[in-house]
Amino acid sequence: MPEQAPHRTFTTERGSFCLARCGCGWTGMARRARSQARADAERHQADVRSGPDAAPERPVE
């Protein structure tokens, strides 16, 4: 089975909001705090690493 391309996450700003995004097309919620957007990106990467059989995404904190 070929290895999947790595998920590359980044943040973008839209007005006073920051969003986490990924090369796979995933987009996190708009956040006022950049640190929260970065945490969303880290959570996405952790969910991807845990595989498709993992529990659904954790609720937003």
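Mentor: Let's start with Arg-43, which is buried at a relative accessible area of 16%. The word "buried" stands for under 20% relative accessible area, "exposed" for over 50%, and "partly exposed" for what lies in between, with a 1.4 Å probe and protein chains only. A word on where this comes from: the model is predicted, local features need pLDDT of at least 70, side-chain atom pairs count only at pLDDT 80 or more, and totals for chains, interfaces and linings use all residues. Residues are numbered from 1 along each chain as its sequence is written, and side-chain values use heavy atoms, with hydrogens and water left out.

The protein has one helix and two strands, and from the N terminus on they follow the order β-β-α. Of its 61 residues, 20% count as buried.

Now look at the helix itself. Helix α1 covers residues 34–50, which makes 17 residues, and from its first C-alpha to its last it reaches 25 Å, close to the 24 Å expected at 1.5 Å a residue. The expected span is 1.5 Å times one less than the number of residues. Just after α1 comes Gly-51, with a positive phi of about 95°.

Which residues of α1 are buried? They are Ala-37, Asp-40, Ala-41, Arg-43 and His-44. Looking down the axis of α1, you would find its buried residues within an arc of 160°, so they line one face of the helix. That arc is taken from the directions that lead from the helix axis to the C-beta atoms. On the other side of α1, Glu-42 and Arg-49 are exposed.

What do the buried residues of α1 pack against? Their partners are β1 (9–14) and β2 (17–22), where a contact means heavy atoms within 4.5 Å. These strands run antiparallel and are joined by six bridges; two strands pair if DSSP finds at least two bridges between them. As an example of facing residues, Phe-10 stands opposite Arg-21 in β2. The hairpin of β1 and β2 has two residues between the strands, and in this hairpin Gly-15 takes a positive phi near 65°.

Thr-9 belongs to strand β1 and is partly exposed, at a relative accessible area of 25%. Leaving out residues up to four places away in sequence, Thr-9 touches Arg-21, Cys-22, Ala-41, His-44 and Gln-45. Between the C-alpha atoms of Thr-9 and Arg-21 there are 5.5 Å, although these residues are 12 apart along the chain. The side chains of Thr-9 and Gln-45 also make a polar contact of 3.3 Å. A polar contact is a pair of N or O atoms within 3.5 Å; within protein, one must be able to donate a hydrogen and the other to accept it, and residues adjacent in sequence count only if both atoms are side-chain atoms.

How many salt bridges does a search of the whole structure find? It finds three, a salt bridge being a side-chain nitrogen of Lys or Arg within 4 Å of a carboxyl oxygen of Asp or Glu. One of them joins the side chains of Asp-40 and Arg-43 at 3.1 Å, N to O. Asp-40 and Arg-43 are three residues apart in helix α1, which puts about one helical turn between them. Another salt bridge joins the side chains of Arg-31 and Asp-40, at 2.9 Å, N to O; Arg-31 and Asp-40 are both buried. Through shared partners, salt bridges join Arg-31, Asp-40 and Arg-43 into one network.

Finally, the side chains of Arg-34 and Glu-13 form a salt bridge of 2.8 Å, N to O. Arg-34 lies in helix α1 and Glu-13 in strand β1, so this pair ties together parts that are 21 residues apart in sequence. Arg-34 is partly exposed, with a relative accessible area of 47%, while Glu-13 counts as exposed at 51%.

Key
Helix = DSSP H or I, 4+ residues; strand = E, 2+ residues; numbered from the N terminus.
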